[in-house]
Amino acid sequence: MTENQMCPSHVTSTVTSILSKVGFEVYPFKIGWYNEQVQQVFALPYPEDTLAFIVISTPEMFDKAFKPFIRRQACTGVRDPIDECMMHQFSLIKQAFPEGEAETIHDFELHPNRRPKVLVQTAGHVAGAAYYYQASDVTGNPCGDKKIYGVSVHPKYGGWFALRGVIIFRNVLYSNLAQKEPPDVVSTSSLRQELLHRYNHNWQDWSFRDIVPVSLKYSEEQMLYFITPPKDRKELIKKIVEEDKVH
């Protein structure tokens, strides 16, 4: 791709075409929208009109991206297999553009002081992908005196998705990009309190993911994988690989 092809619409269509076929959704946003919502220590050092994307994995990612990745035996064992798969998918975006143009930041990346490099829930909210429900969205504290952790809800998948990171195009400015509000699907105060209570007190039963009706959720195989402790997932991965040999 040449420099004169780096218009925002072409970048958007290219990123979407690469990731959508393997179970991801991408939503564009301007760096300025994100920086306005976060503390200075989390601000991203780019002009406010810089084009970026939040990447989410849908329930289809497991079959369309992760299992093929595992079957290619592409894991090195250095990181969690899911993280390695995400790194591979993001690298395909970087390869599609001039060297150094696309910067990727994964949800699991931290600074040396353990501070996240990007707040993906906020990025998802300002991009209109998924509403980020926080303590400020309810009256009173559904968790008593304890700190309330916020949670994002997708209009189609509820809680059955994951915010995987952002892709920033450092030299692409998109001043005319119109901001879209994320769908407020948990619209009543009582339901928001229930959501935050479930997420903060009973997140392991995953009931927060079904706070609203969903059109698609994780498969039984995918749920089994994620509820299995990372140290015990080797057998599941081996089974996925062996199934491919059978077929």
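Visitor: Which element gives the largest share of the lining of the largest pocket?

Guide: That element is β6, with 3 residues. This is a predicted model, in which local features need pLDDT of at least 70, side-chain atom pairs count only at pLDDT 80 or more, and totals for chains, interfaces and linings use all residues. Residues are numbered from 1 along each chain as its sequence is written, and side-chain values use heavy atoms, with hydrogens and water left out.

Visitor: Why is a space called a pocket?

Guide: On a 1 Å grid over the protein atoms alone, a pocket is an open set of points where a 1.4 Å probe fits, with protein on both sides within 12 Å along at least five of seven lines. Lining residues have an atom within 4 Å of a point. The largest pocket has 35 such residues, and Asp107, Gln121, Ala162, Tyr199 and Arg209 lie nearest its centre.

Visitor: What makes 22 residues of this lining nonpolar?

Guide: Ala, Val, Leu, Ile, Met, Phe, Trp, Tyr, Cys and Pro count as nonpolar, Asp, Glu, Lys and Arg as charged, and the others, Gly among them, as polar. By this rule the lining of the largest pocket has 22 nonpolar, 6 polar and 7 charged residues.

Visitor: Which element gives the most to the lining of the second largest pocket?

Guide: α5 does, with 4 residues.

Technical notes. Helices (H or I, at least four residues) and strands (E, at least two) are DSSP runs, numbered from the N terminus.
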